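Here is a short briefing on one chain. Please look at the sequence and the model first, then read the points below.

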Amino acid sequence: MNTIRIIIFINILVFLAWNIPLPVIDSDFMPLNFLISWDALSEGRYWTLVTSAFSHNMFLHIFLNMYVLYSFGNVILMTIGLKRFLWFYFVAGIFSSFAHAAVSAFILGQPELPALGASGAIAGIILLFSLLYPKEKILIMGIIPLPAIWGAVAFIGLDIWGLVAQAGGHGLPIGHGAHLGGALIGILYYLYLRKFLRSRIV
């Protein structure tokens with residue numbers, strides 16, 4: 001089983017833990033240990049920075065995230081190698097969790113607002129892929145073909161727009177702060193890697 005499949009398997013196990021009641025697990029266990037919020041960090045549950053990035057409780061959410069991870073993650077893994085990929089994925093996941101918590105507390109004024117999902121880490125992968133292979137075609141919403149770099153610009157633009165809407169009391173219940181945090185790590189890691197991967201960049 002390769003690295004990407006192991007990550008997907010872990011996510012599936014956590015998804016099952018959310019959805020299959022087990023007598024040995026208290027009903028508060030999953031919310032306390034697999035949701036990230038500023039309140040969770042304030043209470044000392046720092047591990048939720050990691051665990052929330054492997055946590056989904058809705059099928060569509062985990063399906064979309066794992067599909068994108070499998071599609072783009074394998075390319076990134078082959079490009080930068082196992083150690084760099086794991087370091088990048090965990091940093092993107094942790095920072096995106098922190099970004100959600102900070103944005104919720106200091107921009108939205110809701111420090112109790114919880115979130116879960118690998119979307120922030122996935123956003124980092126999408127940005128890194130788009131910068132490494134800017135001319136590759138990707139499908140926006142699974143339909144509209146665009147060069148990867150323009151897809152990345154659209155992705156960031158929609159999240160900025162969504163976050164502004166949330167700050168104004170509107171918008172959808174989407175973790176735009178987490179997405180933008182992961183995307184930032186993707187950009188920064190690309191700048192770090194560029195000197196090592198110059199010959200592989202399209």
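Helices and strands here are DSSP runs, numbered from the N terminus; a helix is H or I with at least four residues, a strand is E with at least two. By that rule, leucine 35 falls in the loop between helix 2 (29-34) and helix 3. The model is predicted.

**Overall fold**

- The chain has nine helices and two strands.
- Along the sequence, the pattern reads α-α-α-α-α-α-α-β-β-α-α.
- The radius of gyration is 17 Å, which agrees with the value near 17 Å for a compact globule of 202 residues.
- Along the principal axes, the C-alpha atoms fill a box of roughly 50 × 45 × 30 Å.
- Of the 202 residues in the chain, 46% are buried.
- Take the contacts with a separation of 6 or more: residues 24 or more positions apart account for 71% of them.
- The accessible surface is about 10,900 Å², and carbon and sulfur atoms hold 72% of it.

**Leucine 35 and serine 52: two loop residues**

- Leucine 35 counts as buried, because its relative accessibility is 18% and the cut-off is under 20%.
- Serine 52 sits in the loop between helix 4 (48-51) and helix 5.
- Serine 52 is buried too, with a relative accessible area of 1%.
- Beyond four places in sequence, leucine 35 is in contact with Trp18, Met30, Ala40, Thr48, Ser52, Pro114, Ala115 and Leu116.
- With the same exclusion of residues up to four places away, serine 52 touches Phe34, Leu35, Ile36, Ser97, Ala115, Leu116 and Gly117.

**Serine 104 in helix 6**

- Serine 104 belongs to helix 6 (residues 82-106).
- Is serine 104 buried or exposed? Serine 104 is buried, at a relative accessible area of 1%.
- A polar atom of the serine 104 side chain lies 2.8 Å from the backbone oxygen of histidine 100.
- Apart from neighbours within four places in sequence, serine 104 is in contact with Gly109, Gln110, Pro111 and Leu113.

**Aromatic pairs**

- A pair of aromatic rings is described by the distance of the centres and the angle of the planes.
- Rings of Phe, Tyr and Trp pair if their centres lie within 6.5 Å; by this rule the count comes to 14 aromatic pairs.
- Tryptophan 38 and phenylalanine 98 form a tilted pair, 6.0 Å centre to centre, with 55° between the planes.
- Tryptophan 38 lies in helix 3 (residues 38-42) and phenylalanine 98 in helix 6, so this pair ties together parts that are 60 residues apart in sequence.
- Tryptophan 38 is partly exposed, at 23% relative accessibility.
- Phenylalanine 98 is partly exposed, with a relative accessible area of 35%.
- Why does the pair of phenylalanine 59 and phenylalanine 63 count as stacked? Their planes stand at 25°, with the ring centres 5.9 Å apart, so the pair is stacked; the cut-off for stacked is under 30 degrees.
- Phenylalanine 59 and phenylalanine 63 are four residues apart in helix 5 (residues 59-80), about one helical turn.
- Phenylalanine 59 is exposed, at 56%, whereas phenylalanine 63 is partly exposed, at 44%.
- Phe54, Phe85, Tyr89 and Phe90 are linked by ring pairs into a cluster.

**Charged side chains**

- Side chains of opposite charge can pair when their charged atoms come close.
- How many salt bridges does a search of the whole structure find? The search finds one salt bridge.
- Glutamate 43 forms a salt bridge with arginine 45, and the closest N and O atoms are 2.3 Å apart.
- Glutamate 43 is exposed, at 55% relative accessibility.
- Arginine 45 is buried, with a relative accessible area of 13%.

Note on methods
Residues numbered from 1 in each chain as written. Predicted model: local features only at pLDDT ≥ 70, side-chain atom pairs only at ≥ 80, totals over all residues. Heavy atoms only, no water. Buried < 20%, exposed > 50% of the residue type's maximum accessible area, 1.4 Å probe, protein only. Polar contact = N/O pair within 3.5 Å; in protein donor to acceptor, adjacent residues only side chain to side chain. Contact = heavy atoms within 4.5 Å. Phe/Tyr/Trp six-rings, centres within 6.5 Å; stacked < 30°, edge-to-face > 60°. Rg over C-alpha atoms; globule rule 2.2 N^0.38 Å. Areas by Shrake-Rupley, 256 points an atom, 1.4 Å probe, with all protein chains shown as cover. Salt bridge = Lys/Arg side-chain N within 4 Å of Asp/Glu carboxyl O.
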